[in-house]
Amino acid sequence: MVSICLLGGAGEIGGNKILLHEKEWAILLDFGLSLKKRREYEIGYGFERTNRILKNYLLVGILPKINGIYREDLMLDEGLISSERAFSIDCCIVSHGHLDHYGAVTFLKMETPIAVSKSMKALIEHAIETSGRSGIDREIFIYKDRKKEELRKKTGKEEVEEVERPLIIFEEDKKIRGAPIEILPIPVDHSIPATFGFRIETSKASIAYTSDIRFHGIVSTYTQDFVENVKGIDVLLVEGTRINDSTTKSEDDVKKEVVSETLKKKEKLITVLVSSLDIDRIRTLIEAAEECDRIPVLSPRIYHLIKTLHEVESKVKLPKLENAKIYFEKRSIIDEGYFLGSPHYRGWVKKIYESLSGTDKLIKSEEISKDQDEFFLIFNSHQCLFELAEIQPIPGSLFIESTSEPHDEEQEIEWEKVERWINLLRLDTRRIHASGHANREDLLKLVKEIGPKIVIPIHTENPREFKRLLEKEDIKVEIMYEGEEVNIGQ
Ligand SMILES: [Zn+2]
């Protein structure tokens, strides 16, 4: 008998945490952070203070109350943990580099091996290095024992070193080495590269997990191959972010619309906001800029991502940067704002600027300001509005939002403030975006083509919609509540 338990992602978008176990083994598929729950309970920074972060996360239900899986250096309130439900996790397999799928890995025991692909690891490391994440939030691949750290301080001994967590690097279509059962990672199309679905063979049943999936992106053939690979499976864990949404817009539509809107603004500046992890969208935008005879200008963070993936020789298709320039942010108080020795340039930004200095790749706000009709800015954060304030866009310049869904976002956006800035700078706005998730019709088609015996919806606020739509077709849908177990093959 194999048991499936959703420790997160049941009736909610994000926070996916799937526990699979038989007598001899237990694995986690994803161990994501529920950004929604965190937002609901956080009050300032006190909520996440090191000595109570684990306690608070257990108390409010951001983390499941399971014994034996958590790191031991953080203060743990035994009363919050179920003593009957104890597991020793053989490994935690991550499906892709979105926080709602891997963000809670940092709370797992130091000994638990983490399984990722090479490109996925590079993407997660890029996100950790270039975002404002600090402390425990950074400890996905490394680990620093906080209890030891304080004990050492007390006794005046040397600092505690960071140690690496045990790592399993998996490759597409090859069984995951070191896993207690046969698990095949199969690439799927999503709004971040290196996303994998899985086919899992247990002694009693075969199980497939879609992860986050779509059919309308640049690499939709991956998703089709996944469907072929898991046909006739016993249990299908399927994401349902957009089970209530029938709209369709493809990556190709995004490109056409961006080109057409850009051409309407001949004399003006174009700025597009994108998720810095959505490499396919970045490629689309660079191509759109070139089609409109404009020079694409990338934020340093976007450039950092492309460079990082290039350095690890990732198989991900990267955008061509021959014509692109990198935006040179002002951070210092002297030298017109461009003194790289200033402490206000973060390490990774400084490294990028130093590596490009003396080339014609860097471009300053003053240069963009002079010839606004020549450029197409691709930025990754709403803070780019401060850069636009430097550039002073001609009134009526275009600001395109082309970002991922909010649950994929790392930072909470305060829309009212963004709107105030947009009004202040007298920008025209458009939202041109294709979702990272399949719509209702594509999801239903996927399930029918796979033909599983049981469907378990995950990563959706509307699991009942699957039941309503699929049970007419004689496909059994199991609605699972958080923490509840379903036993297969008894
Ligand atoms: Zn995702």
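Residue numbers start from 1 along each chain as its sequence is written. Because the model is predicted, local features need pLDDT of at least 70, side-chain atom pairs count only at pLDDT 80 or more, and totals for chains, interfaces and linings use all residues. Helices (H or I, at least four residues) and strands (E, at least two) are DSSP runs, numbered from the N terminus.

**The seven-stranded sheet**

An open sheet is formed by seven strands in the order E8-E5-E4-E3-E2-E1-E22, with mixed pairing; two strands pair if DSSP finds at least two bridges between them. Strand E8 (167-170) and strand E22 (485-488) are the edge strands, and each pairs on one side only. On average, neighbouring strands of this sheet are turned by 25° against each other, direction ignored. Axes are lines fitted to C-alpha atoms, for helices over the stretch in contact, and angles run from 0 to 180 degrees between N-to-C directions.

Within this sheet, three bridges pair strand E3 (residues 26-31) with strand E4 (residues 91-93) in the parallel sense. The bridge partner of Leu28 in E4 is Cys92. Helix H4 (residues 118-130) packs on the sheet, where H4 touches strand E5 (114-117) and E8. The direction of H4 makes about 100° with that of E5. Contact here means that the C-beta atoms of two residues, placed from the backbone, lie within 7 Å.

**The six-stranded sheet and Val477**

Six strands make up another open sheet, in the order E9-E10-E11-E12-E20-E21 and with mixed pairing. Strand E9 (182-188) and strand E21 (476-477) stand at its edges with a single partner strand each, so one side of each is left without a neighbour in the sheet. Strand E20 (residues 454-458) runs parallel to E21, and two bridges join them. Helix H15 (residues 463-470) lies across E20 and E21, running at about 150° to E20.

Val477 is found in strand E21 and is the bridge partner of Val455. Val477 counts as buried, because it has 21 C-beta neighbours inside 10 Å; a residue is buried if 20 or more other C-beta atoms lie within 10 Å of its own, exposed if 12 or fewer, and partly exposed in between. Apart from neighbours within four places in sequence, the contacts of Val477 are Val455, Pro457, Phe466, Lys467, Leu470 and Glu471. Pro452 stands 25 residues from Val477 along the chain, and their C-alpha atoms are separated by 9.8 Å.

**Helix packing**

Two packed helices are described by the angle between their axes and the distance between the axes.

| Helix pair | Angle | Axis distance |
|---|---|---|
| H7 (residues 251-264) and H8 (residues 279-291) | about 35° | 9 Å |
| H4 and H9 (residues 300-311) | about 150° | 10 Å |

H4 and H9 are therefore roughly antiparallel to each other; angles under 35 degrees count as roughly parallel, over 145 as roughly antiparallel, 65 to 115 as roughly perpendicular and the rest as oblique. In H4, Ser119, Ala122, His126 and Thr130 meet Arg301, His304, Leu305, Thr308 and Leu309 of H9. This contact of H4 with H9 holds three nonpolar, five polar and one charged residue. Ala, Val, Leu, Ile, Met, Phe, Trp, Tyr, Cys and Pro count as nonpolar, Asp, Glu, Lys and Arg as charged, and the others, Gly among them, as polar.

On the H7 side of the other pair, Glu251, Val254, Lys255, Val258, Val259 and Thr262 meet Asp280, Thr284, Leu285, Glu287, Ala288 and Glu291 in H8. By class, the contact of H7 with H8 has five nonpolar, two polar and five charged residues.
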